[in-house]
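Thanks for asking me to look this one over. My notes are below, as numbered points you can check against the viewer.

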Amino acid sequence: MSVKLYFLRHGETTYSQQGGYCGNLDPDLTENGLKMADQFATSYQNLPWVAAFVSPMKRTITTAKPLCEAVGLEMQFREGLKEIAYGEWEGQLPQTVNQNYHDDYVRWLTDPGWNAPTGGEKGVDIARRSAPVLQEIEERYQSGNILIVSHKATIRIMLCELLGIDIGRFRDRIAMPTGAVSIVELSAHGPLLHALADRCHLDQSLRSSIGT
């Protein structure tokens, strides 16, 4: 039996709803975000879970809570799962960032792997701090289903690392709406992608909320 990683992006917040940059900011889930967490738990609580690794932010903790309570899992918090730090862009919309930090913004759009938001983190920085979490999981667990509740950019970067995709393309190659789950099996032949940004567990009304 192999290990299966369930990467769950947190539910909707006001920032994901509006498209604002939110890394170190710590907003609550919206009403729709709470529903996303509940519906994930309802759909996946019958799986045999062995662990839950969670970013220590309110929006991820609240997303993980319904499933963890339903199946009796203790959340294991890891700083490496936190969202990319957006520095001076925190809380701002893309059009505002483009006006106020145009050159940095263009460089970041061109290659976010090696360019950071003004005063923030590069994609490779996220890869470096999230990699030990994945390594810990591989070393501690030989089989079973493991929940990883994290954030949009961080999940995309971890998937790039596992699947051999250039980190600099994480924004261009992988979509990751709120409440979506991606499943990767750690098999003898390497990471195998089973599902990418799946939202079938959500009601149709919630699926229409892209949550950028």
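Which side chain makes a polar contact with the side chain of Tyr21?

1. It is the side chain of Tyr105, at 3.5 Å. A polar contact here is a pair of N or O atoms within 3.5 Å; within protein, one must be able to donate a hydrogen and the other to accept it, and residues adjacent in sequence count only if both atoms are side-chain atoms.

2. A word on the basis: this is a predicted model, where local features need pLDDT of at least 70 and side-chain atom pairs count only at pLDDT 80 or more, while totals for chains, interfaces and linings use all residues. Residues are numbered from 1 along each chain as its sequence is written, and side-chain values use heavy atoms, with hydrogens and water left out.

3. Tyr21 sits in the loop between α1 (14-18) and α2 (31-44); helices (H or I, at least four residues) and strands (E, at least two) are DSSP runs, numbered from the N terminus. Tyr21 counts as buried because its relative accessibility is 7%. Buried means under 20% relative accessible area, exposed over 50%, and partly exposed in between (1.4 Å probe, protein chains only).

4. Leaving aside residues up to four places away in sequence, Tyr21 touches a set of residues including Tyr15, Tyr86, Trp89, Gln92, Tyr105 and Trp108. Contact means heavy atoms within 4.5 Å.

5. Gln92 belongs to the loop between β3 (75-77) and α4 (94-100). With a relative accessible area of 19%, Gln92 is also buried. Its side chain reaches the backbone oxygen of Glu88 at 2.8 Å. Among the residues that Gln92 touches, beyond four places away in sequence, are Gly20, Tyr21 and Asn100.

6. Now to strand β1 (residues 3-9), where 6 of the 7 residues are buried. β1 runs parallel to β4 (residues 144-150), joined by 7 bridges, with Tyr6 opposite Leu147. β1 also runs antiparallel to β5 (residues 181-187), through 6 bridges; there, Val3 has Leu186 as its bridge partner. Two strands pair if DSSP finds at least two bridges between them.

7. Overall, the protein chain has 9 helices and 6 strands, and 53% of its 212 residues count as buried.
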